[in-house]
Amino acid sequence: MVKIIGPAAKRLGYDTHAYLPELADQLYRGTIGRRDFLRQSCLLGMSATAAYAMAGQLTGQSFVSGARAQGTPKKGGNLRIGISIQEMTDPASFSWVEPSNIARFMIEHLTRTGVDNITRPYLAESWSASEDLKTWTFNIRKGIKWSNGDTFDANDVYATINRWLDPATGSSNLGLFDAMVEQVDTGKKDDSGNPIMEKRGIAGAVELVDDYTIRLNLKQASLAMPENFYNYPTAITHRGFGVDYEANLSKNPIGTGAFRLEEFSVGEKAVLVKDRDWWAGDFHIDQMTLLDLGNDSGAGVAAMASNQVDMLYQMGIDQLDVMGALPNIEVYEAVTAQTGVMRFRITEKPFDNPKLRAAILATMDHAKILEIAYRGRGVPAENHHVSPIHPEYFKLPELKPDIAKAKALLAEAGYPDGISIDIDVGDTNGPWETFACQAFKEQCAPAGINLNINKMPSNQYWEVWDKTPFGLTTWTHRPLGTMVLSLGYRASVPWNETQMANADFDNALNDAEATLDVNERKSKMEKVQKILQDENVIGQPLWRSIFKPVSKRVKNFSVHPTYYHQLDQVWLDDA
């Protein structure tokens, strides 16, 4: 084994966790790659600087942490962004990235995952984990003030996390932090007389050690705790948020960030103005003006072409050619785990019939849908919501359409003469969603399945996305497959739109999340992915690349795979 523990190594933080020598040895022997080493060593508490330096020592190559700046930054200016201006009330219950891309410049996160998929300290100065990964200690950064003058400390973190774990808050973080959650009987019964269960935080899950130290006590091991703290509903709010004053960020914009909310109008406009010294350094830009351009994709093209905005939150595949032809625009592309799932709500008839679900999905040609709906810009998916770019991904046998199998399953399901079903779609991320449904409709037909497409306005779809019997829901990128599986498929979590409840799946996911060895964790994900695939609760045709048009006056910008706006190093050049 490579010897890495010594005085110099200790100064770099190499001995943060007992598993780091083994991790270093695996990189040295080539059994894991640099990316896996960097991501996991940082999760275990090593600084990104030390991790990159160590990777260089072990491989004999030089690596640089972060992007290189483009020229000499200029101070000042107003960055204009085209983005949907949605309600911005309780960050813990955000359902979309867009409001978080306004909020994140006022309220901030304990950690920050960069475009390189490496998680670094932020409001937390550092962290450490017990050897069994059941106890995590976060050291909170000192010297930070809230915008109202209060001192930021561990009491704010303690209050925020406990709000997430309270089912009354209605936060999707209950699924993300499953290792701190238990399922309990509410004492109520549903219409069938069955007990109604709910998830809530376990007693003692969050421990306030002192004013600058938080300890998390988990019921089961979890490797991804630092990464979980950079999900878009996990910003840290003031301890009085939702207690001393209304949990509404647009009305009570108290934050630790550099910007204040000067103007906010749903569906119209938001203005952020830098008005104080920032604990993390200094933003180059002074103001951000965010404009709602509506749902017409042509409005975004026109706004970019006329220099009304400097960037759009997102751009559809249908706009790629016209936007790429604009001389003042650079189109950024990122390979991501962004996706759309055609999911069944398996408590609703007829989709409570597992053979019917299997028959429908047996007709799907994933590669063809990708080509038709998204011009092939991505990779085919495999009906288990773990992407090839996720570090724990395990390659399963390729799914191929089988019409004969679909017909046989349809007959076994009780529909020998075929069936007509409806799918709801809202084009919440663009017309590719309807194109995907149309392509799937053609694939279903030879098996005797008539797929009717119910096209809805995007805002109406988001009102029913977790209730419709069959619908296409888009899911954003997460750096780990285990994160999205915890959010969407564990029993009784708020975002479980399929209503799947499989104890074997939950236990297998727990086992994978608790595994330190990179390759062993990938092997354990085989079982997790296969259970979800065999449940036939989602038809997932594709993983898609994302595109972001940005004015050439915007310098030092990098597109984040989750569409998160990380703009502290961005500057404007109007020369």
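Reader: Which residues lie nearest the centre of the largest cavity?

Author: Arg 104, Phe 105, Glu 108, Arg 112 and Tyr 122 lie nearest its centre, among the 15 residues that line the largest cavity. Lining residues have an atom within 4 Å of a point of the cavity, which is a set of points on a 1 Å grid over the protein atoms alone where a 1.4 Å probe fits but cannot get out. This is a predicted model, in which local features need pLDDT of at least 70 and side-chain atom pairs count only at pLDDT 80 or more, while totals for chains, interfaces and linings use all residues. Residues are numbered from 1 along each chain as its sequence is written, and side-chain values use heavy atoms, with hydrogens and water left out.

Reader: What volume does the largest cavity have?

Author: The volume is about 140 Å³, where a volume is the space filled by probe spheres set on the points, and grid points are joined across faces, edges and corners. The second largest cavity holds about 70 Å³, and its lining includes Arg 39, Glu 392 and Arg 521.

Reader: Why is Cys 444 called buried?

Author: Buried means under 20% relative accessible area; Cys 444 has 0% relative accessibility and therefore counts as buried. Cys 42 is likewise buried, because its relative accessible area is 1%.

Reader: How many disulfides does a search of the whole structure find?

Author: The search finds zero disulfides, a disulfide being a pair of cysteine sulfur atoms within 2.5 Å. Cys 444 is in no disulfide, and the nearest cysteine sulfur, that of Cys 437, is 9.9 Å away.

How values were computed
On a 1 Å grid over the protein atoms alone, a cavity is a set of points where a 1.4 Å probe fits but cannot get out, and a pocket is an open set with protein on both sides within 12 Å along at least five of seven lines; lining residues have an atom within 4 Å of a point. Buried means under 20% relative accessible area, exposed over 50%, partly exposed in between (1.4 Å probe, protein chains only).
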